[in-house]
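Please look through the sequence and the model shown here.

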Amino acid sequence: MKKIFLLILTTISLLQITSLQAATTYSPPKKVVSFDLGQIDTLDYLGVPVIGVPKLHTISYLAKFQADKYVNVGSMFEPDFEIVASLEPDLIMLGARTQSKIKMMQSIAPTFDSTVWGNDYLNQFYLITEKTAALVNQSQLAAKALEDIKQQVAMIKANAKKAGKVLFVMTTGGKITVFGPGSRFGWLYNELGFEAAGDDNSLSHHGDPVSFEYLRKVNPDVLMVLDRDIAIGKDTGMAKQLLENDVIKSLKAYHNNKIIMLDGYAWYTVGTGITAMNKTLAQIQEAIAVE
């Protein structure tokens, strides 16, 4: 039975087959190692155990994975291949930050690339979640979770224009970067339908550095703030200090009570888990909520 699962999973990795149910009918994986925090999040939501995780990155609402029963398999950027091999996993899950290590991981065990990147972000998330759930025989539970998420998305789309002009910024090390329609968070505009504040200056995938004068110029109705330092476990408190100034207090977003401090760990570090997506959508709904 296990051989059947391994053979089909290898084919899946190569062909990106949409439905994996056939692969999980007889022998779903029992020893899972995941370097993708989004998949750790999703597997936890589905009640599926993992044996190995990159503990350096399992903080915030994933801090339970710091417990001794979970093996530390290195970081997302520097996996410990020897430890991974010693666990004899029957499934390894990789995301964007570990994608470059896929050939080495495939030499250890069947490896599933769960990377979500670029355009069509939400549909990629739905598809990867369905694939993961099929692998672990939890398609029904995942379908219910995705249906709820899709209902939230539909509600947001129907009301996005009511928010006015939205600006998404990230703070890190005392600097401010704006993320527009062409950035990694562009799905806010391109898929949910929010109107972007500012101009085409913010089309870089990794964002563009801006000044407080730029914020004054675009004067958004809603300002969404992601503190990267908190997202990676280095809470300096600098984001709040940055926002305590006269320029910020002059913005429409300030007077609208629409400066939304985001859960950076869910948005930036985890991204595409079921729980992370629910946290993300809940915060997006603050942008359209009537005070």
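Predicted model: local features only at pLDDT ≥ 70, side-chain atom pairs only at ≥ 80, totals over all residues.

The protein has 291 residues, and buried residues make up 51% of them. Its secondary structure comprises 15 helices and 11 strands. The accessible surface comes to about 13500 Å², with 53% of that area belonging to carbon and sulfur atoms. Among contacts between residues at least 6 apart in sequence, 61% join residues at least 24 apart.

Strand E6 covers residues 165-172. Of its eight residues, six are buried, so the strand is mostly covered, where buried means under 20% relative accessible area. E6 pairs with E8, with E10 and with E7. The table lists these pairings.

| Partner of E6 | Residues | Sense | Bridges |
|---|---|---|---|
| E7 | residues 175-179 | antiparallel | five bridges |
| E8 | residues 195-196 | parallel | two bridges |
| E10 | residues 222-227 | parallel | six bridges |

Lys165 stands opposite Glu195 in E8. Met170 is opposite Thr177 in E7.

How many residues lie between E6 and E7 in their hairpin? There are two residues between the strands. Gly173, in the turn, has a positive phi of about 55°.

Terms used
Residues numbered from 1 in each chain as written. Heavy atoms only, no water. Buried < 20%, exposed > 50% of the residue type's maximum accessible area, 1.4 Å probe, protein only. Helix = DSSP H or I, 4+ residues; strand = E, 2+ residues; numbered from the N terminus. Pairing = 2+ DSSP bridges. Contact = heavy atoms within 4.5 Å. Areas by Shrake-Rupley, 256 points an atom, 1.4 Å probe, with all protein chains shown as cover.
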